[in-house]
Amino acid sequence: MKTRHFLLTLLAAAATLVAGHATAQQQHPIRLVVPYAAGGPIDVTARMLAERVKDALGPVIIDNKPGAGGNIGADIVAKAPPDGLTIGIAATATNAVNPWLYSKIPFNAATDFAPITQMVRVPNVLVMNAETARRLHIETVADLIRYAKANPAKLNYGSGGNGSAGHLAGELFKKEAGIFALHIPYNGGNPAQLALISGQVDFNFDNLATAAPNIRSGKLKAIAVTTLERSASLPEVPTVASTLKGFSIDTWWGLVAPAGTPHDVVVKLNQAFVAALNAPETKTRFASLLAEPVGNSPEQFGSFMKSELAKYEKVVKATGAKVD
């Protein structure tokens with residue numbers, strides 16, 4: 001009887017020890033590295049999700065590591081231990097554009113990360129100064145292409161700088177449409193939009209979230225969105241792809257872990273974050289940023305990033321853009 005009581009006591013103690021160890025592990029915070037400054041849309045969406053997954057994963061601490069176009073933060077994730085306790089944001093710039101834009105980059109975008117899930121897609125939009133569009137009788141993408149071909153070298157477009165998303169979108173558009181338009185780089189997206197509003201340039205490819213207020217006020221005319229499907233934020237605006245088949249160049253970001261992170265850990269992270277992305281509250285809050293939540297499998301996100309890396313290699317090389 002005493003032996004049985006001793007064994008039961010020993011088993012209870014062992015169970016308590018195991019439970020305590022598991023609790024301690026669950027309470028160990030996950031570090032989510034955001035390779036951009038606090039306050040921007042990527043940071044805001046990361047913080048929203050960190051709050052929503054805390055019941056499933058425990059605390060998730062946001063660690064902003066901006067610099068070098070996102071390369072500093074991405075490199076921290078690439079070189080972190082593959083234990084699931086450090087994850088990060090992969091974005092259009094860090095994982096598709098920068099590998100071709102920078103002559104030297106401290107990580108390999110193709111091999112140094114384990115995809116978790118795509119978080120967000122933010123459509124870009126082809127916009128014109130509304131008065132310019134009326135004067136040139138341009139209502140559609142086809143009208144713009146027709147005018148450009150009939151009036152070679154008369155059109156120009158602005159962007160936030162050489163190698164920016166707007167620059168690359170403009171160059172891809174020119175290539176696919178078979179037209180010429182002079183690129184005028186500005187020091188940031190806001191100056192580029194002001195130049196468009198004031199009539200200094202004819203068209204821009206802008207982030208929908210940035211352009212929307214001036215579209216709604218009537219200062220800018222939305223010609224088309226750059227996603228393959230119409231945006232829920234501007235459902236009446238057609239896609240560039242409806243005229244130029246396959247044209248797709250939008251802004252995206254998602255979650256990655258260091259390469260070598262165990263598959264079961266990646267699956268657990270994926271399930272928690274996809275559930276958070278699919279929550280009605282998340283969709284409502286993201287909609288206020290004109291950001292569309294995605295939430296897909298690690299395999300789907302990995303395949304998507306691979307295709308984006310290949311796409312931007314051609315686009316960046318065609319522009320000749322270099323940062324260093």
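Colleague: What makes the pair of side chains of His-183 and Ser-159 a polar contact?

Modeller: The two side chains come to 2.7 Å, and a polar contact is a pair of N or O atoms within 3.5 Å, where within protein one must be able to donate a hydrogen and the other to accept it, and residues adjacent in sequence count only if both atoms are side-chain atoms. Keep in mind that this is a predicted model, where local features need pLDDT of at least 70 and side-chain atom pairs count only at pLDDT 80 or more. Side-chain values use heavy atoms, without hydrogens and water, and residues are numbered from 1 along each chain as its sequence is written.

Colleague: Why is His-183 called buried?

Modeller: Its relative accessibility is 15%, and buried means under 20% relative accessible area, with exposed over 50% and partly exposed in between (1.4 Å probe, protein chains only). Therefore His-183 counts as buried.

Colleague: And why is Ala-153 called exposed?

Modeller: Because its relative accessible area is 55%, over the 50% cut-off. Ala-153 lies in the loop between helix H7 (141-150) and strand E6 (156-159); helices (H or I, at least four residues) and strands (E, at least two) are DSSP runs, numbered from the N terminus. Its phi is near 70°, a positive value in a residue other than glycine.
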